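Come along and check each entry against the view.

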Amino acid sequence: MIEPYERALDDVPGAHPYPRSSRYSGVTIGVHRAADGTDVRYAKRRLLPMPDAAAEDTVPHTVSSGERPDQLGQRYFGDPGQWWQIADRNPVLDPRELTDEPGEEIAVPLPGGFPGGTGGPGVRNG
């Protein structure tokens, strides 16, 4: 859980370019010096661990027709912007792949079940 005083860092300019709820919040920020001498900040590569197919840190979700990744973020994490946590747990490159096949079963991470995941009100334990 993030303490209120830690959230204050999200509003400090230059503290980190991404809020704590972003998939890039823990990514190291690099600096490239351009030929004209200006510094260009960038997010370094974000690597994910290989998910365990039999992991107990997820709940199954069967995709319904017309469902979208942002709707899943709202349902399971209480924030449509958290769709990335579900995308990170499934082998997809494009988030639309999560919901393009009605009837397909996807894995939804439980709180603390995936590095960087925050969990939320729609996710149950046990």
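This is a predicted model: local features need pLDDT of at least 70, side-chain atom pairs count only at pLDDT 80 or more; totals for chains, interfaces and linings use all residues.

**Entry 1: a buried arginine**

I began with R89, and I asked myself: is R89 buried or exposed? R89 is buried, because its relative accessible area is 6% and the cut-off for buried is under 20%. I found R89 in helix α3. Next I looked for a polar partner, and the side chain of R89 makes a polar contact of 3.2 Å with the side chain of D57.

The protein chain has an average pLDDT of 75, and 62% of its residues score at least 70. Residues 113–126 have a pLDDT below 50. I also noted that this stretch has 32 contacts in the model beyond near neighbours in sequence.

**Entry 2: the overall plan**

Then I listed the elements. I counted three helices and four strands in the protein chain. Read from the N terminus, their order is α-β-β-β-α-α-β. Of the 126 residues in the protein chain, 27% are buried. I looked up the contacts with a separation of 6 or more as well, and residues 24 or more positions apart account for 49% of them.

**Entry 3: the hairpin**

I moved on to strands β1 (residues 29–33) and β2 (residues 39–43), which run antiparallel and are joined by five bridges. One pair I wrote down is R33 with its bridge partner D39 in β2. β1 and β2 form a hairpin, with five residues between them. In the turn, G37 has a positive phi of about 95°.

**Entry 4: the other strand pair**

Strand β3 (residues 58–62) and β4 are antiparallel too, and five bridges join them. Here I marked T62, whose bridge partner in β4 is E105. I then asked how many residues of strand β4 are buried. Four of the five residues in β4 (residues 105–109) are buried, so I noted this strand as mostly covered.

**Entry 5: a histidine in β3**

I stopped at H61, which lies in strand β3. H61 has a relative accessible area of 4%, so it counts as buried. Which residues does H61 touch, leaving aside its neighbours within four places in sequence? H61 is in contact with E67, L72, R75, Y76, E104, E105, I106 and V108. With E67, the side chain of H61 makes a polar contact of 2.9 Å. I also checked H61 against I106: they are 45 residues apart along the chain, yet their C-alpha atoms are separated by 5.3 Å.

**Entry 6: one face of a helix**

Helix α2 (residues 69–77) was my next stop, and I wanted to know which of its residues are buried. They are P69, L72, G73, Y76 and F77. Seen down the axis of α2, these buried residues fall within an arc of 105°, which means that they line one face of the helix. I looked for what covers them, and found that the cover includes β3, α3 (83–89) and β4. Just after α2 comes G78, with a positive phi of about 75°.

**Entry 7: the nonpolar core**

I looked up the largest nonpolar core and found that it has 10 residues: V63, L72, Y76, F77, I86, A87, V92, L98, I106 and V108. At least two residues of this core come from each of α2, α3 and β4. The most come from α2, which gives three. I jotted a general reminder here: nonpolar side chains tend to be buried together in soluble globular proteins.

**Entry 8: two loop residues**

I finished in the loops. G81 lies in the loop between α2 and α3, and G81 is partly exposed, at 34% relative accessibility. The C-alpha atoms of G81 and Q71 are separated by 9.1 Å, and the two are 10 residues apart along the chain.

D100 is in the loop between α3 and β4. D100 is partly exposed as well, with a relative accessible area of 45%.

Technical notes: Residues are numbered from 1 along each chain as its sequence is written. Side-chain values use heavy atoms; hydrogens and water are left out. pLDDT is the predictor's confidence in each residue, from 0 to 100. Contact means heavy atoms within 4.5 Å. Buried means under 20% relative accessible area, exposed over 50%, partly exposed in between (1.4 Å probe, protein chains only). Two strands pair if DSSP finds at least two bridges between them. The arc is that of the directions from the helix axis to the C-beta atoms. A nonpolar core is a set of buried Ala, Val, Leu, Ile, Met, Phe, Trp, Tyr and Cys residues joined through side-chain atoms within 4.5 Å. A polar contact is a pair of N or O atoms within 3.5 Å; within protein, one must be able to donate a hydrogen and the other to accept it, and residues adjacent in sequence count only if both atoms are side-chain atoms.
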